[in-house]
Amino acid sequence: MQLSSLRRASALVAATSVAMLGLSACATGSSDEDGAAPAANSSADTDAFPVTIESTYGEATIEEEPQRIVTLGVDGDNVAALGVAPIAVQKMTWGGNAAGTTDWFDDALAEIDGAEAPELLDVTDAVPTDQIIGLEPDVVIATNSGLTQDDFDKLSDAGIPVIAHPGVQWATTWEQSMETTGQALGRTEAAEEIIAETKADLEATAEENPDIVGASFIWAFFDPTDLSNVGVYTTVDNRPAILEELGMVSPPIVEEGGTDAFYFNVSAERAAELDADVILAYGTTPEESEQLVQTPLLQQIPPIANGNYVITLEPNDTLGLSFPSVLGIPYALDHFIPEVAAAIGGEPQVY
Amino acid sequence: MTTTTETSPDLPGRTATAGRARTPRRSTPASVAICIAALAVVGVASLCIGNRWVDPLALLDASHPDHVFMDARLLRTGVGALLGAAFGVAGAAMQGLTRNPLADTGLLGVNAGAAFAMVAGITYVGAGTIGGYIWFGFIGAGVAAVAVHLIASLGRGGATPAKLVIAGAAVTAALSSWTTAILLMSRETIDATRRWQVGSVAGKQTDALLTALPFIVVGFVLVLGSARVLNALALGDDLARGLGRNTTRDRLVVGLGLVLLVGASVALAGPIAFLGLLVPHLVRMQVGGDYAKVLPLSAAWGAVLMVGADTVGRFVLPPSEIQVGVMIAVIGAPLFLVMIRRGRLGSL
């Protein structure tokens, strides 16, 4: 029985991390013309190589401009934004479009001359290292992904330079991802330009939605089968991080969660302490969301009682924030931030 | 452990005397009194102790701002007591049915069967409410129980206790793998089941409780009414038949009760492990092996352990809560090891 309990406990850990991954890895959406335009056909700076890039799992040295690029996580977006077509990208199994990619990635790829559709890597179970080695890539870029030390070692042993996340897993910022990708491809200047464009986009959004500046927010997730805990994303998670870039602030209860992990649980008994100007959460169906906000225990959460909530039924609308890239952020800014502003103004949004 | 095996004359062997080999340490009235006191203590603690202080008077005062929190705790305490009793009595009956001191519904594949069928139901049939997937719980629990028994019956000697445990472990392993496989293929299902999988008595809706309740009650009636049957089975099938019992029909009745109890409980709270194994042993240490005493006291102590563990899980790691399924294992495992070391496993 003990073994069985252990297995169940580890299954929980696995299931939770995969579920969290699902929350953070969601990806799809419709095309968006306002997005950071790909720096089409920018060319590499030949002096840039060899380049050595340090990540949390170890160093990687790229000897010359890589041609065959494999990406995990969101880096396919960054590579495409630099005008280069990756040969394989992570398949977006959760919320991706029918093709297993995102529309904004497809759009960026379409602007690259001679780009072919990349092979899709299914990482649901684990990173398919054998499949990647078989592709004989010049580099694997995975600045914000589920890559493990084992994966890193196996790929490195096969002679493939691997660029993993620089710090806490899943907590790489979109800027770090873009910058590092630029370094790996010898296109640091183009990367800087794209970052500047995205920042300008963020500033413009803050100006267009003045209500969000200075407003406090909690990004939460609810498990309808067990309402004893409310999951809260910490400030190291990309979702809160980007909202803070827009001028929103995290209340004390979120700061309490620390920065060691990207989420923590708060007992529903402390619902009244989850005070903020707005609460953001995921839902699956309108009925479930309605039930959620009608639950007496959860009505003790002030922003739910006051009607300052956004429940997104289509995670693709927020994925530009949860799995941020220079291509996905502009989409989320246009589609999600107005909803947040409306909720702050007292109009609850379930959509 | 090996030293204990060699030296302790106290170690239980399987006897053919319906467990009366060991003299109980306490008289039955004293055991019942202790049990009632323990129930009262955990009941009050469960209402008063939590992640934050709530005035207990808020329970009676509907206009009190904290009334809603006390309401939730009351429901949660009730669910915990009900399910603890169900898993406790199911474990005791399972041990009697198989004449195996290590039997519990978790070990013999019943929990895993219910869980697998429900995950499959949620994923492929779209069962979304407990009223929908409770049926999958019954089917899974029943099919797994029958399958384990059939596998154990293969070969010479029929379904011996040892073969039942091996078959149960094998079926549990297979079902757990399939459950994991389904979960890996469907992230939506993972989201719906990830906490349900470890077991939780919190945040249940009243209608979910009311759906499961009738099945649990019928299960209780069938199992609690089977004390004489289990006492007879404890003598061995041959003797039981000699006493005029139809052992096949007896097994079916107890088995049906078990499937109802476990299927409904797992549907409501997820597969809570360990409790069904531990509690009957604690009870036998107190009152010996007579199922007329073991069954009701296992129900009561199951409720005590479940409510107690849930209460502890609510305050040990603020600001979050630990699910009761995890707490049971955390509290129960060391307790069980101590019992084994001291050779105090009650005989059957």
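**Surface patches and an enclosed helix in a predicted model**

In this predicted model, I49(B), F315(B), V316(B) and L317(B) form a nonpolar patch on the surface, their accessible area together being about 330 Å². Accessible areas come from the Shrake-Rupley method with a 1.4 Å probe, and for residues only the protein chains shown count as cover. Patches consist of residues with over 30% relative accessible area and no salt bridge, nonpolar side chains (Val, Leu, Ile, Met, Phe, Trp, Tyr) being joined within 5 Å and like charges within 9 Å. A salt bridge is a side-chain nitrogen of Lys or Arg within 4 Å of a carboxyl oxygen of Asp or Glu. L317(B) is placed in the loop between helix 13 (291–315) and helix 14 (324–341) of chain B; helices are DSSP runs (H or I) of at least four residues, numbered from the N terminus. Its relative accessibility is 48%, so L317(B) counts as partly exposed (buried means under 20%, exposed over 50%, partly exposed in between).

A patch of negative charge on the surface gathers D45(A), D47(A), E179(A), E189(A), E192(A), E193(A) and E197(A). Helix 7 (residues 188–208) of chain A gives the most to this patch, with four residues. E189(A) lies in helix 7 of chain A and is exposed, with a relative accessible area of 65%.

In chain B, twelve of the 16 residues of helix 4 are buried, so this helix is largely enclosed by the rest of the structure. Among them are V110(B), N111(B), M118(B) and I122(B). Just after helix 4 of chain B, G126(B) takes a positive phi of about 75 degrees.

Residues are numbered from 1 along each chain as its sequence is written, and chains are lettered from A in the order in which they are written. Local features need pLDDT of at least 70 and side-chain atom pairs count only at pLDDT 80 or more, whereas totals for chains, interfaces and linings use all residues; side-chain values use heavy atoms, with hydrogens and water left out.

How values were computed: Lys and Arg count as positive and Asp and Glu as negative; His and the chain ends are not counted. The place of a charge is taken as NZ of Lys, CZ of Arg, CG of Asp or CD of Glu. Helices (H or I, at least four residues) and strands (E, at least two) are DSSP runs, numbered from the N terminus. Buried means under 20% relative accessible area, exposed over 50%, partly exposed in between (1.4 Å probe, protein chains only).
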